[in-house]
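Biologist: I would like to learn how to read helix packing. Can we work through a case together?

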Amino acid sequence: MPGIAVFGAQWGDEGKGRFVDFLASEADVVIRYQGGNNAGHTIIVDGVTYKLHLIPAGVLYNSKPCVIGNGVVIDPESLIEEMETLKKQGATLDNLMISDRAHMVMPYHRLLDSLSEDDAGEAMIGTTKRGIGPCYTDKAARQGLRMCDLLSDSFAEKLRVLLEQKNMILTKIYGGEPLDYAGMLEQFMGYKERLRQHICDTSLICYDFYKQGKKLLFEGAQGMLLDIDFGTYPYVTSSHPTSGGVSIGTGLPPAVLTDVVGVVKAYTTRVGKGPFVTELLDGTGDYIRERGQEYGTTTGRPRRCGWLDLVIVGFAARIGGITSIALSRMDTLGELDRVKVCVGYDIDGKVTKNYPASLDDIASAKPVYKEFDGWSGDISHIREYNGLPQSAKEYVEFIESETGVGVGMIGVGPERSECVLRRKYFV
Ligand code: IMP
């Protein structure tokens, strides 16, 4: 009963989409377990670019069951837009299943996300302003609206009560305009009709798949250091992107996972605020940003770039139980004379390999680097590991020796086929 989780081992944007897409070709079912439309996966197939925010990558394999689990927060407007775009691109959505327990991102969540960010000044998180934090806040405060509520006759009344409270906050605290109840209700009744056929108890359906021994692929969004418990709090998202989020976010037993793929970009990026020990604020950082087109899929923001940090990857391997690393963007790092990898943090003269909890410690950490020769030439056509330049192989093998985890897949270009595969999955 193989169950594989794929999650980002850094700050998100590791290039999970292309590996999920590859593994999806062999999976029977693809399941999202957390996050919302703050995520953005880009998948390029035969020159066509697909941008996914909420819908699992399996949708690109026509009629493969795709599940949006209960741990995901869903903005119905954004979901419907994505469904329409994918339909126009020729995808089939008949087998898309949406958890009836998933919480909805409401228009007031989006607004509150924006207002609180704008109000925070220096303390802003740099969120995607998609309403993710406020939605998970309401979930924890037991004031959320779930997909099953949308189908229920009590929806209108629940919305009325909640909107009254939110309008108090919007007007009294932020001095804004109240949101219109009748308009919002009408809007959501439209969503209900559009989404009704997809909403179901996905925990039950996934359990049936699990019992039947189907190959299950769990698709994470964001990444290790954006995890609300283990990330660079408070500069994190509000869910659990690590493999630990799979069970809670789907309703399947923890034992469902037989393999955990940690996606690692050959360098490090992050968007939004927060500490970043190996950040490059120089020409090399700009070079990586331009060569890798490191601009957010969801917000278009330029990403902060830096050297690969194996303190972070080692932390992700431990917390997430990574059994295989998928290394992305080896091609982007090409053409540099020398490349550096961080192997430890020097904090007040003491070197640690463990990622600290305290932002003060992280802020004062100086990276301890090991340097490597760079590699040059176009590597995107290479499919066999031994065909890679010697210096690139040394880089890969160093990652393996430092983390104790094998590198099973290596991305050498953005296309679906531009990948070196070193092991089998779903066996
Ligand atoms: P939120 O998830 O929109 O609340 O944003 C919280 C933090 O997570 C911010 O630093 C965002 O930039 C970051 N973030 C959220 N989603 C992603 C993602 O998919 N990739 C990278 N960073 C993300």
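This is a predicted model: local features need pLDDT of at least 70, side-chain atom pairs count only at pLDDT 80 or more; totals for chains, interfaces and linings use all residues.

Modeller: Start with α6 and α7, which are oblique to each other. Residues are numbered from 1 along each chain as its sequence is written, and side-chain values use heavy atoms, with hydrogens and water left out.

Biologist: At roughly what angle do the axes of α6 and α7 cross?

Modeller: Two packed helices are described by the angle between their axes and the distance between the axes. Here the axes of α6 and α7 cross at roughly 140° and come within 11 Å. Axes are lines fitted to C-alpha atoms, for helices over the stretch in contact, and angles run from 0 to 180 degrees between N-to-C directions. Helices are DSSP runs (H or I, at least four residues), numbered from the N terminus.

Biologist: Is the crossing of α6 and α7 left-handed or right-handed?

Modeller: The crossing of α6 and α7 is right-handed. In such a crossing the near helix is turned clockwise from the far one by less than a right angle; anticlockwise is left-handed.

Biologist: Which residues of α6 and α7 meet?

Modeller: F155, A156, E157, L159, R160 and L163 of α6 meet Y181, M184, L185, F188 and M189 of α7. Contact means heavy atoms within 4.5 Å. The residues of this contact of α6 with α7 divide into nine nonpolar, no polar and two charged. Ala, Val, Leu, Ile, Met, Phe, Trp, Tyr, Cys and Pro count as nonpolar, Asp, Glu, Lys and Arg as charged, and the others, Gly among them, as polar.

Biologist: How do α3 and α6 pack?

Modeller: Helix α3 (residues 107-120) and helix α6 (residues 155-173) pack at about 15°, with axes 11 Å apart. So α3 and α6 are roughly parallel. Their crossing is left-handed. Y108, L111, L112 and L115 of α3 make the contact with α6 residues L159, L162, L163, K166, I169 and L170. Nine of the residues in the contact of α3 with α6 are nonpolar, none polar and one charged.

Biologist: What about α2 and α7?

Modeller: Helix α2 (residues 76-88) and helix α7 (residues 181-195) pack at about 45°, with axes 10 Å apart. That makes α2 oblique to α7. Their crossing is left-handed. The contact of α2 with α7 holds seven nonpolar, one polar and four charged residues.

How values were computed: Helices (H or I, at least four residues) and strands (E, at least two) are DSSP runs, numbered from the N terminus. Angles under 35 degrees count as roughly parallel, over 145 as roughly antiparallel, 65 to 115 as roughly perpendicular and the rest as oblique.
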